[in-house]
Structures are given as structure tokens and as C-alpha cells.
Amino acid sequence: MLLLHKILNGVWMIEESFALNYLPLVTSFLTDPKRQSSPREPENFLSIHNGSDSREIIKELRDAPSGSIAVVSISGAITKHDQECGPDGMQSKAQIMRECFSLDNIKGMVLKIDSGGGEGTAMRLMSEAISDRNKPVVAFIDDFSCSAAYGIASGCDYIVANSEVAQVGSIGTYLTIADYEKYYEQKGIRLVEIYASLSKDKNKDYFEALNGNLEPLRKVADKFNEMFISSIEKNRDGKLTASREVWGTGKVYFAEEALKLGLIDEINSFSNTLNIIV
């Protein structure tokens, strides 16, 4: 899990209080890496809304009634790969989106989002899939859409929040690294790393950070953050009412303020959101 999702050394676009909810799970993997988990069941994340049917789960998209709206749930921590004990990753959901785009019986999609963010690469995958759309894609914020989750929402044609107290924003980036030295010392293991003569810069930024110099890795975070903010400026072009210096600082807004800033388009119910797609 830790290796697959780069939890200890990845580039994250996630709201801090949301991330802390996963700390016990991460700790359990660190303290007991051989811990057994139950076999993963694929997520049934696609529901189809259409005409007289309020909701039905469709195993095969081609079997959905004509004129259906596909609803894809994005909840929890956003990851590139399917989670061992959680939702499907953005690779899987991007594939579902592209399949919906290829089918005539699906007239549009709603991304139902309740997430504080996650991996930057996972956000990029979904953003690329959304940019390939040939039919309407609407984002519905189901209480929480922060950081990478908002980055995904921003690429949609329209953004609706479910209530005035829905939380939106946390547009920012950070890196995580881990120092394993004391952990291995307690296990009686001493690591000796031998680098090739020409490899003087290999892992240099990492060791600089361990020694207290954070600037090299801060430049990496800045690079990803510029990509993140620029994509939102492009996606919400003509809708934003303030500059990046206001909304791009990592602050979280309630939906009313987000609406004023142009980060969202409307505050409304889920059922009314479905009517946006005609």
C-alpha cells in the first residue's frame, strides 16, 4: 500500500485534516508491514440515472437505458491505483469515463465528489480524461471537494455544491518524505549506501531535506503547484472573480464564498443537478 500510493514520499494535493484521518492506517502498515488484508472487491461506483428510474447500478455500461446519466463517485483519498481496502483509483475511473464518452446511450456524466484530495498524479489522470469529453460532465460537491478533488472538479463543465456549508478549496501542494534511520537502528539494521562515482546528485534533494535544507524539494513542490494552479485558471477561465493570490493559497472556503470567487457555479441539490444535463 505505502509503496503503491507513495504515501511517504509522494507529491500530495490534499487537505491536512482530511489526510490525518488516514494516519492510523498508515501507522499500522509501518508497524506491521506483513499484516494480512482481505482480498479486494472491485468498487461498484457507477450508478445510472435516467427518466423514470431514480437510480440503478449498471454492471455493463452498454446495458444502460438510452438517455442515461452516468454517476461516478469520487470519495475518500484520491489515488492513482485501486486502494487495497478502499475505492477504485483514478486509473480505473478515467477508463470508465472514456467508455461513457464512447457510448451513445450515455448522454452525460456527473462526478459526485466527497474528498479532501490525494495524489497529484491521480488528479492529472482524471483531468486528462475529462478534457477528452464529447458530452457534458458536471461536478457535484457532496460536502467536500478540496485540493486534488477540486482540481478534478474544476475541469468539468459546471460545478454544483450541495449546501452553503460544503467545503471547497485547499488549492495547494506539499511533499512528504520519511527518515527511516532510527527505525532500522531499532531493528538492529545499519544501512550502508554506496553510490557510483558520477552519481553525486542522486537522491541529493532527499538528503538535503533530512539535513534541514528544504529548498530543493520546495522547488519540486512549487513546480507541481504551478501546474495545479495554472490548470484551475485555465479550467475556470472567465468564471474566477479573483486572482490566484486569493484562492490559490491553500485556504478552504464554504460554498457561499467559493461561489463569490467563481470556484463553483451553483449551490443546489443532487436531483436538480441531474437536470442540468439535457
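The bridge partner of H49 in strand β4 is I69. Strands here are DSSP runs of E with at least two residues, helices are runs of H or I with at least four residues, and both are numbered from the N terminus. The model is predicted: local features require pLDDT of at least 70 and side-chain atom pairs pLDDT 80 or more, whereas totals for chains, interfaces and linings use all residues. Residues are numbered from 1 along each chain as its sequence is written, and side-chain values use heavy atoms, with hydrogens and water left out.

Strand β2 (residues 46-50) runs antiparallel to β4 and is joined to it by 4 bridges; two strands count as paired if DSSP finds at least two bridges between them. With strand β5 (residues 106-115), β4 pairs in the parallel sense over 8 bridges. One of the β5 residues concerned is D114, the bridge partner of S75. Strand β4 (residues 68-75) is mostly covered, with 6 of its 8 residues buried. Buried denotes under 20% relative accessible area, exposed over 50%, and partly exposed the range in between (1.4 Å probe, protein chains only).

Leaving aside neighbours within four places in sequence, M97 is in contact (heavy atoms within 4.5 Å) with M109, L111, M126, A129, I130 and V137.

Most residues other than glycine have a negative phi.

Another serine, S230, lies in helix α9 (residues 215-235). S230 counts as partly exposed because its relative accessibility is 27%. Its side chain makes a polar contact with the side chain of E226 at 2.7 Å. A polar contact is a pair of N or O atoms within 3.5 Å; within protein, one must be able to donate a hydrogen and the other to accept it, and residues adjacent in sequence count only if both atoms are side-chain atoms. S230 and R244 are 14 residues apart in sequence, with a C-alpha to C-alpha distance of 8.9 Å.
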